[in-house]
Amino acid sequence: MKLLLIEDEEDIVSFLKRGLEEDGYILDIAYDGEEGEYLASVNNYDVIILDWMIPKKSGIDVLKSLRSKNISTSILMLSAKGESENKIEGLKNGCDDYLSKPFNFNELEARLEALYRRSLSKSNNSISFKNIKIDLDKKIVLKDNSVLTLSLKEYDLLLFLIKYKNSFVSISKIEEGLYNNEQFLNSNVIQVTIYNLRKKLGKDIIQNSRGLGYKIEF
């Protein structure tokens with residue numbers, strides 16, 4: 001997931017940069033509203049994290065400006081303003097979610113994931129790459145317009161790799177993200193699932209590199 005963080009508090013920027021990049025996110029940072037609006041206007045992001053109180057142009061003004069330009073990127077607003085009136089103002093002007101400071105990192109990450117899934121569904125309810133198409137509503141995967149029969153584990157793993165598209169994903173990250181590090185820690189269930197997916201999708205769809213993990217490119 002590619003994110004834009006628009007925030008001027010150094011401690012928060014450092015905290016979020018470390019945590020998000022450790023978890024595999026690609027992160028651009030803007031320290032004021034004018035720079036943030038510019039980056040959001042010229043680049044494609046999966047989610048924008050936008051602070052309310054920032055220099056040069058406030059978060060709410062950046063939000064209004066982006067929506068007036070028909071930029072529909074999901075926006076999570078951060079603010080020390082916890083009053084319901086401020087939340088209502090943000091939501092009415094086009095933010096997709098709102099989180100008051102101070103916040104828990106795991107909650108922020110969960111909200112980012114939810115916004116990302118929602119944005120995938122808004123995009124024609126499908127994902128297409130190479131000769132593969134995924135219907136997110138029906139949970140159907142097609143190869144050359146023919147329906148593939150995937151198990152739930154195979155389908156979930158395919159979407160997980162797509163979430164980190166163009167980057168290698170390690171076995172440990174898959175274990176943590178999909179299985180919560182439960183009974184699969186010392187098993188080969190992930191390797192077997194990958195093997196079955198590659199047989200069904202085509203070996204060129206999922207790349208692998210020893211020591212790095214697996215990757216889907218598109």
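Student: Hi! What should I know about the model before we start?
Tutor: It is predicted, so local features need pLDDT of at least 70 and side-chain atom pairs count only at pLDDT 80 or more, while totals for chains, interfaces and linings use all residues. Residues are numbered from 1 along each chain as its sequence is written, and side-chain values use heavy atoms, leaving out hydrogens and water.

Student: Why is the pair of phenylalanine 15 and phenylalanine 105 edge-to-face?
Tutor: Their planes are at 75 degrees, with the ring centres 5.7 Å apart, so the pair gets that label.

Student: And which helices do they lie in?
Tutor: Phenylalanine 15 is in helix H1 (residues 10-22) and phenylalanine 105 in helix H5 (residues 105-122), so the pair ties together parts 90 residues apart in sequence. Helices (H or I, at least four residues) and strands (E, at least two) are DSSP runs, numbered from the N terminus.

Student: Is phenylalanine 105 buried or exposed?
Tutor: Buried, with a relative accessible area of 15%. Phenylalanine 15 is partly exposed at 33%. Buried means under 20%, exposed over 50%, and partly exposed in between (1.4 Å probe, protein chains only).

Student: New topic: which residues of H6 are buried?
Tutor: Among them are Glu154, Tyr155, Leu157 and Leu158.

Technical notes. Phe/Tyr/Trp six-rings, centres within 6.5 Å; stacked < 30°, edge-to-face > 60°.
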